[in-house]
Structures are given as structure tokens and as C-alpha cells.
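Please look at the sequence and the structure before reading on.

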Amino acid sequence: MADKKKFKAIIIGGGPVGMYLAHALQETGIDYVLCEKRDAIPPPTAFGLFLWPYGLRLLHQVGLLVPAHPHGYPVRMFDRASLGHMLYDTLREPAAHIRTGRQLVDVERRAGGVTAHFAGGSREEGSIIIGADGIWSTVRDFMRRDAPEGLFDEFPYVAGYRAVFGRSPLPSSSASLELERQPRRGRKGFDYTVDASDAAIAPWLETRITNDLTFRNLWQSRAAAGGAGLDEGMVLPNQGMGANGGFEGAASLVNQLSALLRHESDPGAAELRQAFLAYQAERQGVMAAYQRMARDELDGWTRSDSKGGPPLDALRATDVLISPMVARSVRLDSVPFPDERAGFSPWLYKMPAEAARAAGGGPKL
Ligand SMILES: Cc1cc2nc3c(=O)[nH]c(=O)nc-3n(C[C@H](O)[C@H](O)[C@H](O)COP(=O)(O)OP(=O)(O)OC[C@H]3O[C@@H](n4cnc5c(N)ncnc54)[C@H](O)[C@@H]3O)c2cc1C
């Protein structure tokens, strides 16, 4: 194997999912470089992020966040900036693997690999590119360009909501989110700057948050705020599942790559396609279920007549369905996890027998 080239993944995007992916590849022994278009990781403006037990378990497995909790792992709210710093600072040799100020502008497929081209003329060569570049993904644009016509829907994820979010220093409230349906579908569908958000939240200003607080109080004392169209929200943010699902997807993909590289250190396009198909098979149904639950729940919340009936039934169904899905969530097959926590609802994901035998070592490159 020594004469074969070394497999290397190029990650595009240094958000929470790209950074978790960097840790997962590192711990699995797969070489990578991560390219982020902004000048810093994390970016200066960042809001809150809920991590569910399965997201925290994945962070724990790669050596981060050892949580003390009687039931295994809690659900916990994170400041995105602190999480981003932690993910960066705990990488081994981050300077060797992370490049900021690198905006992907083209992808070139060539024999035996791929070249990523960045604004300003720099480039990276690798075996594969993994898109972790968020909504309106540039990587997906290049996949669409190179795919047979009609294979990709131009607007694959349409949520039909927009949101205003912010952070307020008032006691007993750290974050708030208001959502409303939006009429338009499409890329860059409407302007939703903070100024526009001021007008957009006007109908909710008198909404009571607690006995002493209205939404106006939170809004007026906000430390930071922003607005976003959720028209490409794969999973709507009301359940806080987007980044959690991204972590799980990253673990699932790394598992497939790790299993492939254990047998073949220089896989060809056909073998890589099989690995990506296996990843898709594992993740597509789960993410579609989360997507449906988030949409049904949000429809329940936002119906003005939701005093019972179908919307409430949808909320109850969500409660019943989520726990088993969390219990079956993926973890990294080739990273030993002797101190994994468990609660009254045990983890059900089983490593493939082969990966279990190999646990203790990454792929033989
Ligand atoms: C209001 C709100 C609340 C949310 N709350 C939660 C929550 O509580 N829990 C949860 O799990 N999820 C939540 N989500 C969803 C979560 O924010 C996303 O799922 C998560 O940010 C996705 O992470 P990511 O790393 O894939 O993408 P992103 O966070 O979007 O990061 C993508 C990165 O790629 C970079 N990039 C983009 N294009 C290029 C390019 N061409 N070249 C190089 N770099 C590029 C960007 O600069 C960015 O740094 C929420 C979303 C919203 C809108």
C-alpha cells in the first residue's frame, strides 16, 4: 500500500458541521483539509444552538465535551461562537488543515481526484470534496452542473417560513425566535435584513413571554439579532435538529469512507459512489422524517386556531417519535468509545461487526 497515494478529503465550509467532520476524519485517521470562505472560524456574529443527546454523544466520542448528566447526555443550549472556538482549538494542528479566506469558485474533476479552485486563484487537490457549505451550497451547484439534466431539483428544499432571531441579556431569557410563513419560493427570494426584521416582528411585540415580559422587552434589549429566509430549511429550526442532523450525517459518511479505505487505500470513482450511496441510504429516510416532524410541529404552533385537534396531535406524535430516533442515531464506527454514557433509553445503533473488530485503529492507508 505504501506506493499508493494518500486519500484526502477537501471539506468546504467551516460551520459547526464542517468542523465536526474535521474532528471525525481526524479521529478516524483520514487526511483532510477544510476551506472556509470567511476570514475567521467561527464568524463574529453567532447565535445559539441546541445540541441534542445524540449530537453531544458524537462530540464526546471525538474527545470533546465530557458532560456530567445522570441520564447520559442532556439537551443543551450552546453559544455558537464558543462551540466554534472549541471545535477549532481542539483540532490537532489546525493550522495545517484549516484554511480561511478560501471561497470555493470551481470544482475540476480529474483522473484520480478532484481540484477545488478558490477566489484569488489558490487551489487544493484531493480525492473527494465534501460540501459542508450550508444553505445554497456552492458544492451542490457544481454537483448539479456535472449531473445529468433534471436529476437535481433547482429548489430542492422549500420550507415556506422565515424567521427573526436574536439574543437578549434579560434574565431568564437568552434567545427567541419568531417564525412566519413566507409567500415566495426561490433563491434569494426576499430581503430580510435586521431593519426589515423590525417591521416583520411588529405583529408579535405584545406577545407575552412570561408574566413580566413581552416580546417587545426582549426585542428592545437585544444584544444581537438577525433574520433569515428558511426557504431552504432542510429541517426547520424549531426542533433544533439541523446541526445535530449534520453531525450525524458527517459521522455516517466518515463510517462509509473508513470502511472503504480499510480495504482499498486508493478507491476509484465507482467505489466512492457506492460509499456515498450507502451514506444516502442510511440518512435520507431519517432526515425526511425529521423534516416532516419539524414541519408538522411548526404548522401546529403557527395555526391561530390550534386549541386541539390535528395540530396538537402532530405535537404529541413528534414527542412519541423523536426518542426512538435519537436512540438509533449513528456514531463513529472506528473510533473507540469506552466511556460512552447511557441513560434510561439505551443507544440502539450497532457498529457493523467488521468495524467492531477493527475498532482501535483507523483505516490502513
Ligand atoms: C434561527 C435558527 C436557529 C437554529 N437553531 C438550531 C439549533 O438549536 N440546533 C441545531 O442543531 N440546528 C439549528 N439550526 C440549524 C443550524 O443552524 C444549521 O443546521 C447549521 O448551521 C448547519 O451547519 P453547517 O456547518 O452545515 O452550515 P453553516 O453553519 O451554514 O456553515 C456553512 C459554512 O460554509 C461557508 N461557506 C459557504 N459557501 C462557501 C464557499 N463557496 N466556499 C467556502 N466556504 C463556504 C460559510 O461561510 C459557513 O461558514 C438553526 C437555524 C436557524 C436559522
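How close do the axes of α1 and helix α8 (residues 242–263) come, and at what angle do they cross? The axes come within 9 Å and cross at roughly 30 degrees; axes are lines fitted to C-alpha atoms, for helices over the stretch in contact, and angles run from 0 to 180 degrees between N-to-C directions. The model is predicted, so local features need pLDDT of at least 70 and side-chain atom pairs count only at pLDDT 80 or more, while totals for chains, interfaces and linings use all residues. Residues are numbered from 1 along each chain as its sequence is written.

**Helix α1 with helix α8**
- The angle makes α1 roughly parallel to α8 (under 35 degrees counts as roughly parallel, over 145 as roughly antiparallel, 65 to 115 as roughly perpendicular and the rest as oblique).
- The crossing of α1 and α8 is right-handed, a term used if the near helix is turned clockwise from the far one by less than a right angle, and left-handed if anticlockwise.
- On the α1 side, the contact is made by P16, V17, Y20, L21, A24, L25 and T28; on the α8 side, by A243, G246, F247, A250, A251, V254 and S258. Two residues are in contact if their C-beta atoms, placed from the backbone, lie within 7 Å.
- The contact of α1 with α8 holds 11 nonpolar, three polar and no charged residues (Ala, Val, Leu, Ile, Met, Phe, Trp, Tyr, Cys and Pro count as nonpolar, Asp, Glu, Lys and Arg as charged, and the others, Gly among them, as polar).

**Helix α1 with helix α3**
- The axes of α1 and helix α3 (residues 80–89) come within 10 Å and cross at roughly 25 degrees.
- These two helices, α1 and α3, are therefore roughly parallel to each other, and α1 passes α3 in a left-handed crossing.
- In α1, P16, M19, Y20 and H23 meet L83, G84, L87 and Y88 of α3.

**Helix α1 itself**
- Helix α1 (residues 16–28) has 13 residues; helices are DSSP runs (H or I, at least four residues), numbered from the N terminus.
- Of the 13 residues in α1, 12 are buried (20 or more other C-beta atoms within 10 Å of the residue's own, with C-beta atoms placed from the backbone).
- After α1 comes G29, whose phi is positive, near 85 degrees.

**Residue R57**
- R57 lies in helix α2 (residues 53–61) and is buried, with 27 other C-beta atoms within 10 Å.
- Leaving aside neighbours within four places in sequence, R57 is in contact with Y73, R331 and E340.

Key: The expected span of a helix is 1.5 Å times one less than its number of residues.
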